[in-house]
Amino acid sequence: MKTKRKFPTFNKKSDDKKSDDTAARASQAVDEGRDRKANRLFKKAARQENREIRREERRKKKKKKNIGYGR
């Protein structure tokens, strides 16, 4: 028997808005001529975006599972 979690789980690391903010900061760094900082921030925004996409795919995959087969 599964028990419910007492506290809800939050994934604060990846927010869709967060990746947009990071990309905006990166483009501002490009305007200032700070290429290394811009590259670092663009990579971080890409990782955040990929994390969000993978999380959505995992949610869809969990819903499709057939429970009860093979047991």
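Student: What makes A23 part of a helix here?
Tutor: A23 lies in helix 1, residues 16-32; helices are DSSP runs of H or I with at least four residues, and strands are runs of E with at least two, numbered from the N terminus. This is a predicted model, where local features need pLDDT of at least 70, side-chain atom pairs count only at pLDDT 80 or more, and totals for chains, interfaces and linings use all residues. Residues are numbered from 1 along each chain as its sequence is written, and side-chain values use heavy atoms, leaving out hydrogens and water.

Student: Why is A23 called partly exposed?
Tutor: Its relative accessibility is 27%. Buried means under 20% relative accessible area, exposed over 50%, and partly exposed in between (1.4 Å probe, protein chains only), so A23 counts as partly exposed.

Student: And why is S19 called buried?
Tutor: S19, also found in helix 1, has a relative accessible area of 3%. That value is under 20%, so S19 is buried.

Student: What makes the S19 and E49 pair a polar contact?
Tutor: Their side chains make a polar contact at 3.0 Å. The term asks for a pair of N or O atoms within 3.5 Å; within protein, one must be able to donate a hydrogen and the other to accept it, and residues adjacent in sequence count only if both atoms are side-chain atoms.
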